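Dear colleague,

Please find below the structure for your files. My notes on what was found in it follow directly after.

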Amino acid sequence: MEQYKKEFIEFMVDCGVLKFGDFVTKSGRKTPFFVNTGFYRTGSQLHKLGEYYAKAIESTFGTDFDVLFGPAYKGIPLAVSTTMALSEQYGKDIRYCSNRKEIKDHGDTGILLGSPIADGDKVLIIEDVTTAGTSIQETLPIIKEQGDVKVVGLVVSVDRLERGQGKKSALAEISETYGLKTTSIVTMKEVVEHLYNKEYKGKIIIDDHLKSAIDAYYKQYGVE
């Protein structure tokens with residue numbers, strides 16, 4: 001596993017973004033782990049997060065795209081911090097764009113925040129986590145309504161590696177259904193591999209009991 005992936009896993013733990021316990025996902029699944037990017041709260045955390053996303057993007061997509069689209073609301077700081085990192089690290093000035101939850105009818109009207117999207121633009125979507133692939137169904141029509149644009153792919157921070165609507169992983173389904181390339185900074189398999197029975201800052205994050213709960217979850221929802 002690349003060093004930046006190990007660092008990112010520890011960064012999520014430090015920020016309280018990666019949590020273990022009893023949770024329910026947006027798709028209604030009871031899960032022993034949860035990733036909440038809303039816990040990236042300080043300037044330095046968002047700066048670092050943007051750098052991790054930029055690294056994952058550059059290694060999969062390069063920088064040959066025009067707009068980074070972050071769906072409201074959590075996608076807004078992700079898109080902003082990552083476009084800044086792409087400029088700093090790779091010298092590429094990517095525009096950021098997001099949608100509003102409601103259309104504004106005064107001042108800066110319309111459904112978009114940030115840069116407009118125009119014919120011929122190549123757009124990359126940035127999200128936090130994809131569990132069952134439901135959010136992309138809302139995001140794609142908004143982007144496509146803006147004109148003759150090419151959506152080049154989707155990047156998330158963590159690939160939970162579980163089934164979407166069928167038997168394949170949510171990211172694999174998105175790739176197949178919409179013809180999009182997908183990538184993540186890390187996968188849950190890498191998270192478990194890095195943290196299981198290893199001491200981090202004086203504590204075992206994933207012990208045998210938690211590992212059993214994660215294994216049971218993947219027996220039910222994991223990819224065949």
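Asp121 is located in the loop between β5 (110-114) and β6 (122-126); helices (H or I, at least four residues) and strands (E, at least two) are DSSP runs, numbered from the N terminus. This is a predicted model, in which local features need pLDDT of at least 70 and side-chain atom pairs count only at pLDDT 80 or more, while totals for chains, interfaces and linings use all residues. Residues are numbered from 1 along each chain as its sequence is written, and side-chain values use heavy atoms, with hydrogens and water left out.

With a relative accessible area of 8%, Asp121 is buried (buried means under 20% relative accessible area, exposed over 50%, and partly exposed in between, with a 1.4 Å probe and protein chains only). Its side chain reaches the backbone nitrogen of Ala118 at 2.8 Å.

Arg95 lies in strand β4 (residues 95-104) and Asp121 in the loop between β5 and β6, so the pair ties together parts that are 26 residues apart in sequence. Arg95 is partly exposed, at a relative accessible area of 31%.

The count of salt bridges comes to nine. One of them joins Lys201 and Asp14, with the closest N and O atoms 3.1 Å apart. This pair links distant parts of the chain, since Lys201 is in the loop between β10 (199-200) and β11 (203-204) and Asp14 is in helix α1 (residues 3-15), 187 residues apart. Lys201 is exposed, at 66%, whereas Asp14 is partly exposed, at 42%. Another salt bridge is formed by Lys211 and Asp215, with the closest N and O atoms 3.2 Å apart. These two residues are four apart in helix α7 (residues 208-221), which means that about one helical turn separates them. Salt bridges that share partners also join Arg29, Arg160 and Glu162 into one network.

Arg160 lies in the loop between β8 (150-159) and α5 (170-178) and is buried, at 2% relative accessibility. The UniProt annotation "binding site", from an unreviewed entry, covers Thr131 and Arg160; such annotations may be inferred rather than shown by experiment.

Yours sincerely

Notes
A polar contact is a pair of N or O atoms within 3.5 Å; within protein, one must be able to donate a hydrogen and the other to accept it, and residues adjacent in sequence count only if both atoms are side-chain atoms. A salt bridge is a side-chain nitrogen of Lys or Arg within 4 Å of a carboxyl oxygen of Asp or Glu.
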